Amino acid sequence: MLQWSNATQHFYHHTELVTIEMKKYIYHYSWEPNEESLCALERRVFFGKSAESSILESSVKIDPSRSPFIRERIEIICEGNGFEELLEEIEKLEALDGFKVVFVQNLDAERVGFKKLRRIEKEVGMHLKGEAELVDPEIWFGVMKTNDRWVFGKYVRNEAVWLHHVKKPHSYSTALSTRVARAVANIAAPNPEGIKMIDPCCGIGTVLVEALSMGIDIVGSDRNPLILDGVKENIAHFGYKGDVSLKDINDVTGHYDVAVIDLPYNLCSVITDEEQLEMLRSARRFAEKAVIVTLEDVDANIEKAGFEIVDRCEVSKGRFVRQILVCK
């Protein structure tokens, strides 16, 4: 029996029963072994769950290009227990010209060969009303077999924006990778609308670039005058605009919803335990939430500063293992 994908939510408005169709999305994930914990944390802040599967289904809508781990997304239109049932439902859809169909490989299942893949795409296209456009399609559709059913819907692919940010004019070997920086920005602001963010130890600006590319309202500052021109050039190089100033974290004023703090500033900086605690207390003063990146165990100082660690993960880069702590 075929099942329609959109869940329904019922409630009473005055004396009338109102039904709302809830859209459902399937997200297809992939990650490197050293980033598994980071991927899981990003999933939790986006969707409230972190399964080990490469497939995640949710009513929450996230642009795949925001995440370094989401390969693609299907907004489910129809589904069936079997492929033939799915084709029957696809035939009922209204005509639409200018489409292209892609088969989405399920990394949790056996890989489908190229010939079979193309046959599936062709069959789905033949059951759709309207004219296909293989060269420059106006709309993309995706078809996929999950563990228990076949699904069909609007397809969006990750554009991997962060890959372009690797080649910035200025960089440090000890800086966060663009992938990690992008995930950290997402963890800090999973729903960025109306959120004010600050990176008060911005270094060469890796987090700033990723956050700005996603439209997050973020400002940056650093106490090192030698890097500010490089930060500004990095931001401008990709066509973004952001406010960056010369300022110590302890001198930050104003109020922010969330701060991203890489402790210490870099591997060449040596700060005492007392200086670290002062930095964290300053962050507590101007930010409601903090995402702290550290190479050291700073749990005790975080507690002394008045924060509570609500989630965490680890991510490695060569011989370094960074902790990423979500604090409120």
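The expected span of a helix is taken as 1.5 Å times one less than its number of residues, where helices (H or I, at least four residues) and strands (E, at least two) are DSSP runs numbered from the N terminus. The model is predicted, so local features need pLDDT of at least 70 and side-chain atom pairs count only at pLDDT 80 or more, while totals for chains, interfaces and linings use all residues. Residues are numbered from 1 along each chain as its sequence is written, and side-chain values use heavy atoms, with hydrogens and water left out.

Helix α3 (residues 114-127) is a friendly place to begin. Leu 117, Ile 120, Glu 121 and Val 124 are the buried residues of α3 (buried means under 20% relative accessible area, exposed over 50%, partly exposed in between, with a 1.4 Å probe and protein chains only). Because these residues cover an arc of only 95° around the axis, they lie on the same side of α3; the arc is that of the directions from the helix axis to the C-beta atoms. On the other side, Lys 115, Lys 122 and Met 126 are exposed.

Helix α6 (residues 206-213) is mostly covered, with seven of its eight residues buried. Gly 215, which follows α6, has a positive phi near 80°.

The largest nonpolar core has 44 residues (a set of buried Ala, Val, Leu, Ile, Met, Phe, Trp, Tyr and Cys residues joined through side-chain atoms within 4.5 Å). Helix α5 (residues 178-188) gives the most to this core, with seven residues.
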